[in-house]
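Good morning, everyone. Please bring up the sequence and the model so that we can go through them together.

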Amino acid sequence: MRGGGFVQIFKDFSNWSTVAVVPHVANANNKISRIFWIAIFLFVLGMFAYELYILIAKFFSYPATVNTEILFEKQIFPVVTVCNMNPYKYSVVKSNSAFSSVNTLMTTYSDATVGTFSTDKWGLYADNDETYDLDSRAADALVLEANLISDTAKVPALYTYADLIQDCSFAGIPCSESDFTKFIDPVYGACYSFNEDASLNYSVSREGIQFGLKLMLTVTQTKTNGNTDSLPTTKLAGARIGVNSRGSSPGLDSNGIDAGVGYESAVSVSLTQNVRAKKPYGTCVDREPDSSDYYKDFIYTLETCFNGCKQRDTIAKCQCANPRLALGSTDTACQPIKADLDCLQTLKGNQTSSTPNIDLLVECNCNPPCDESTYTPTVSLAQFPSTSYYVATSSTAGVGSCSSTNSKFSSKSDCQKWYNNNGMIIQVFLETLSYELYTETAGYTVSNVINDLGGQAGLWLGLSVISVVEMTGLMLVMGAFCVTGGAIKMAPDDDEIENDHRIKDVEDVKKEIDHLEKKHGEMESGSDGEVDDIENKGDEEKKKK
Amino acid sequence: QTIEYVAASPNPPHGCPNYGLCTDVTTTLVSSTNVSTTYKYGCAPENCYCVDGTTNGTEPCDTIVDQCGNDPCGTPDKFNCTSKIESYDCTCQAGFTGEKCDSEIGSACATSQCREGSTCEASDNSTTGYTCRCTDKQYGTYCENDNLCADWPCQNGGTCSMVLSNSNWICNCTEGWQGRRCETKNSVLSSPVMGKCYKYDYVKIGTHQTKYKDDKMTSDKCNEYAQEKSTDDKTLKYLTLCGEWCMVSEDMLVKDDVSMKDDCKKSCGGDSSEYCGKVNSRCIVYEAGEMETDPNACEDNSTLCGAELGHGMCINWQSDVTDGFACICEPLWTGPDCENPVASACTPNPCVNGTCVLNEQYNKYKCDCDDGFSGDNCEYSKTCTAATCLYGGTCTETNNGGFKCDCLNLYSGNRCEEINRCNYGDPCVNGKCETTVDGITTNYTCTCDDGWTGANCETMIDFCTPDPCKYNSTCTPKFKGYDCTCLTGLTGANCSEIIDLCVPYWDNEAWKWIKSPCNSKDDMANCTKKINGFTCSCGEKWTDTLCDLNVLIKDVLMAIYGHVDLTMITLLNDLMQNPSQIKDMVPFITGLLTDSERSDLSWDAGDLFNWIAFEDQRLDLNRDIHKWNDVVLGNCFTFNHRDRNFTYLMRRPGRHGGIQAFMKTRQDEYAPWYDTAAINVFIHNRDDYVFSESVRYNAQPNAQSTINIFMTRYTRLGGNYGKCIKKPSEVKNYYYPGAYTTDGCLRTCYQDRMKEECNCMDPRYPQAPNSTSCQLSERSCVTEASEAAGDPSTWSSCVCPLPCSNQEYSVTWSKANFVNLPITCEKSSDVATCQKQYKDQLMVSIILPQLDFKIYAETPAMDFNKFLSQLGGQLGVLMGINVVTFIEVVFLFFGMFMVLCQKYEK
């Protein structure tokens, strides 16, 4: 009785179920037909399962898409950093006692360039055959020597605002030293950043060179009295320019723009913003862990991560930190001795070696930042000053104008020539107010999964939410049947149906109708015969004629 | 001893008839004695030269030309004409006499005294009776007097009459006329005087009778009208002119005067300078002129000219001429007033040897000379005799007692005795003839003109002997000289001058003067002239005949072809003129060399690099830098080349992770046609090939150039989504090593086209394995084919899809100069030289600022799974269809088919 009840329940369910093939299986007329429909059901069920697997795999692969938007709006002017390529005044280095070690290094290096070598503590004599190695070692030694001197003691040899910047204007409005933030770079000495301070609100509402920053710089490779004031290790005469967003590290040692003397360097920049997705769709991070974050004062970038990793590698291998990179609170800088310089040299790329040094990409596990702003510069040059222009500046602290009253020069032509060898103009402006915003978002979300799942289920099984409800109902019915022990009847038995008087009456009416149909059939056959007779008579008449 | 010449013939002078002359007189010795020598002279008949008017007959010069052919004497029936040498003689026919031969001999008119011009008429049967019929201008018995009034000299109706013993004439003038011929008026009317302007008066003018109208009215006409209407007792004094009307009156007709304006100033119809007013409006009043009569002087004084005495007569004349009169006198009186008497003309008798005949009309005489005398007063004796004029000349006596001989031609002199031998026979043909006289025989001496010689100057001098023309030129003799036909390159009269071809000329192309043909290119060349040419001595840089072939070009041609190919000279000259073309042409020369030969011509790594470093580590030039050669670019040096075993990776962003190189440009070794100095930097994928036209970046000397590169990778779908190439074998031809690129495919198509058009391939690009390179002479074919075909990307035969995967690098750039005084130069002994060498060097820094890069990947917009999902969703939503539905439909159609089959069987 119980088994029969279950069968009955399934039979009833199959009659009204919306799932494909199920009604056909229940209502099959013969065994072959039933087997056929069962086979079809299994096929479509298998296909649905396969498609479901693909959808789930695709979802859990967390694909990401990048949306590109071009925005046009008022922007905050980027931070512009300028440094003299010559870090220290050679005249002060030679006379100041605090720079005696640097002066000795410069003298030894000068002698080494012409082939005169002597035993020194930096090991310059070891590179007597290669110019590059000699220059490289001397440059590293200079950084190490300068690191030993305190910032206070460096001040006389550093370039002041008046020494470096003769004129400054933003969108045609004069700016002043208070708009700049000064910091000391281990490679370039004193550097000045415009619009770095958060209290400043220089912004640009129109594009073009008229609405940017204009600086007239003097790097003074030659003083007004004709003496050379550049260090022997300085190869270039010009300024190092950095353009970055507020809060970012200038990174002048690695990235930066070279601006030469005798030119006006017009730097147009265009902004690109990247917004990246975090896990699981992307790998971006906001910051490094505090324990390994060497650039806490700056916004996190890949470069800061690489530099921190490089510094840790240097400390691990040389037991001292490279002053070119940021130093931790517990780190000790390398000393300007041959042993440390040799160790730093071994850390430079030697990919062809059997034991190559650190690969930053592979071993540092650096992830890109979640929010990044990048300025891409384009540089074009013009001659400064022109042959008929005599420099005029409102600044009185520096060299001054090329007027006859300037006692620093014997003639206006000498002044013009000096500016051609020592001066330059920098113009930094936004190329356009429109910028590109790249936003990384999830490429395959739950909504997409549901859409695809609905389609696949509908195609193969005809499943829908209603079908789910049906299944639920079926489970409830089966549960109730088990609990009550099969006492509840859902429908009458076959025997009871036969004994019902309504069924009997219907059968009687059916017999009468069958009887009437027989009579009607006989009458129709008779009429057919008559038709045949008429046709025969026609034929006979035709024969007589 | 005397010499005597005797004529052999009676004909003078040399024996020819009718005074003919002899061109060659012959003398024959007749006899010779101790006392005298006698010669006989004569003329051969063939040497006779006839004078004009005679001609040859049976004997030379014996016929006189007929001179009477035109009847010069008059009527033949009265005159008889006889011909003479160049003249004729007229005589009357027999029985007639007189000047016109019209008087018969024996009649009375034969000896009549009728004046010449009149006609004599004889009386019948009388030998002495005759009548003289005079002409109009003659009168008298024998018509000896002149009729002075025959010409009617009087004018204006005057009458002519002869007065004062018919020796003069006088005109009796009519009233109002005077003068010798009554040609002058006796009275003159003065001009009217203009008065004022008055208003037209209709009443008075309308009633006035003395008036007339004329369209051409003038004040003078009105004045004359007033004179006509004037009478003795009434004088019309005023002239009133109103337009076309003239009114004359004794008093003024109009009295209302107005100012002279408007209608008052209307001009007269006949004279625009006069005012006549306007009819019915304004009138101008003139005062009439007065008649003035000239007085008659002859009437006032009757004693003038001796009229009362009969000595002369008075003629009235104008007052301003000889006091108003003139006198004509009797023949026996003279003087202004005919007060002086004169004697008769024949008293005393002026005719010395003749009779004085008096003409009483004029008191003149005429001498009738006696025989043997002539002249106006018969004071000369006749001088002409038969022997006066010789050789046929005609003698004519003159008034002064002399004679004049009219000679035949060829004779001259006072008595026609002179014979000029040079005037006949033309002995000197081309010279000057001078006659000489040797007795009776005349002779001549010829002074020949220039260019002629011989006795009679008949021979032309040959100036070509000896030959005056130099250098074997052709001499042509001519009159008084010669012509030299010079050889080419020679000039001058004697062809002695060599034409100097080394002369300046104007060059239209260069638009300037060229010193000589040798200096069109080479200013240092010297030009030496020679016959029909010149020789050029070239400078050190030029060669060839005209010094217009550059030594370098010649060396190039000799090196390439072994000889000077003329077709290449123009091409190479264009090279020297336009250095920018040299860059295009050099590959056509270097393309013929092998790779090893080209590589040796170009730079080595040590020539260009001082050092190169990657990741702050110095690189080995031989191990890490791959040297390869391009036909156009020369030797190139590639870091991280695909042929190297080791592959360098980018491990670090920024300057310390990139390349730095300190290099030299070696401008002292540059070819002269390069106009810029720089290091070309190509940044590309390692599998890509560098073309001569690839994108490059120039690094400037005396500076550090920093190149920041940003990478972008492109991935494309093939198959049904598009066409892309994975490897070179998928295209028809590909001649470049390395990976497939679109540029390489296009250039391969270009090379195939060049092969087809020019039968060779462009040496600037890689070629097919078995093809030949185009030489410099074939460059024009390459250029023309390239221009005609256009860009390979437009060719239908060139199918060059994009590669399935490639990388592009974009670049930003900055630059900074070196310091003025680097430390190495400060320590150097020669600072200037060190600085100069240092400025030839440069530094290149190639940086990857960021390690992230963009990937543009083509992905299917609709894959199979997505298609099924969307299809199922759409079918389910709209129709509730699923896979089973299709099976059910199949069952439905199957059932219908079964039912139809059953019915058919039934």
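One caution before we start. This is a predicted model. Please keep that in mind throughout.

Let's begin with helices. Two packed helices are described by the angle between their axes and the distance between the axes.

Pair one sits in chain A. Find helix H3, residues 31–60, and H13(A). Their axes are 9 Å apart, and the packing angle is about 170°. How do H3(A) and H13(A) run, roughly parallel or roughly antiparallel to each other? Angles over 145 degrees count as roughly antiparallel, so H3(A) and H13(A) are roughly antiparallel. Now look at who touches whom. From H3(A) we have Phe43(A), Val44(A), Met47(A), Phe48(A), Glu51(A), Leu52(A), Leu55(A) and Phe59(A). From H13(A) come Val446(A), Val449(A), Asp452(A), Leu453(A), Gln456(A), Ala457(A) and Trp460(A). By class, that contact has twelve nonpolar residues, one polar and two charged.

Stay on H13(A) for pair two. This helix covers residues 446–460 of chain A, and the partner is helix H14, residues 864–879, of chain B. The two axes come within 7 Å and cross at roughly 70°. An angle from 65 to 115 degrees counts as roughly perpendicular, so H13(A) is roughly perpendicular to H14(B). The crossing is left-handed. On the H13(A) side, the residues are Asp452(A), Gly455(A), Gln456(A), Leu459(A) and Trp460(A). They meet Asn865(B), Leu868(B), Ser869(B), Gly872(B), Gly873(B) and Leu875(B) of H14(B). What is the class make-up of the contact of H13(A) with H14(B)? Four nonpolar, six polar and one charged. Note Asp452(A), Gln456(A) and Trp460(A).

H10(B) passes H11(B) in a right-handed crossing. H10(B) brings Tyr750(B), Arg753(B), Met754(B), Glu757(B) and Cys758(B). H11(B) brings Cys781(B), Val782(B), Ala785(B), Ser786(B) and Ala789(B). The classes here are seven nonpolar, one polar and two charged.

On to the cores. The largest nonpolar core has 67 residues. Which of them touch the most other members? Val82(A), Ile165(A), Leu213(A), Leu215(A), Leu217(A) and Ile241(A). Helix H6 of chain A, residues 131–148, gives the most to this core, with six residues. Zoom in on Ile165(A). Setting aside neighbours within four places in sequence, Ile165(A) contacts Val82(A), Phe180(A), Tyr192(A), Leu215(A), Met216(A) and Leu217(A).

Next, some backbone features. Most residues other than glycine have a negative phi, and most peptide bonds are trans.

Start with Asn195(A). This residue is not a glycine, yet its phi is positive, about 70°. Asn195(A) is in the loop between strands S7 (189–194) and S8 (203–204) of chain A. Is Asn195(A) buried or exposed? Its relative accessible area is 0%, so Asn195(A) is buried.

Go to chain B for Tyr19(B). Again a positive phi, about 60°, and again not a glycine. Tyr19(B) lies in the loop between strands S1 (2–7) and S2 (21–22) of chain B. With a relative accessible area of 27%, Tyr19(B) is partly exposed.

From Phe384(A) to Pro385(A) the bond is cis, with omega near -15°. Pro385(A) is in the loop between strand S13 (371–383) and helix H12 (412–422) of chain A.

Two last residues. Ser265(A) is in strand S12, residues 263–275, of chain A. Its relative accessibility is 2%, so Ser265(A) counts as buried. Beyond its neighbours within four places in sequence, Ser265(A) contacts Ala259(A), Gly260(A), Ser380(A), Leu381(A), Ile425(A), Ile426(A) and Gln427(A).

Asp297(A) lies in the loop between S12 and helix H9 (302–318) of chain A. Asp297(A) is exposed, at 73% relative accessible area. Asp297(A) and Ser248(A) are 49 residues apart in sequence, and their C-alpha atoms are 8.9 Å apart in space.

That's the tour. Thank you.

Conventions:
Residues numbered from 1 in each chain as written. Chains lettered and ligands numbered in written order. Predicted model: local features only at pLDDT ≥ 70, side-chain atom pairs only at ≥ 80, totals over all residues. Heavy atoms only, no water. Left-handed = near helix turned anticlockwise from the far one by under 90°. Helix = DSSP H or I, 4+ residues; strand = E, 2+ residues; numbered from the N terminus. Contact = heavy atoms within 4.5 Å. Nonpolar A, V, L, I, M, F, W, Y, C, P; charged D, E, K, R; others polar. Core = buried A, V, L, I, M, F, W, Y, C linked by side-chain atoms within 4.5 Å. Buried < 20%, exposed > 50% of the residue type's maximum accessible area, 1.4 Å probe, protein only. Axes fitted to C-alpha atoms, helices over the stretch in contact; angles between N-to-C directions. Parallel < 35°, antiparallel > 145°, perpendicular 65-115°, else oblique.
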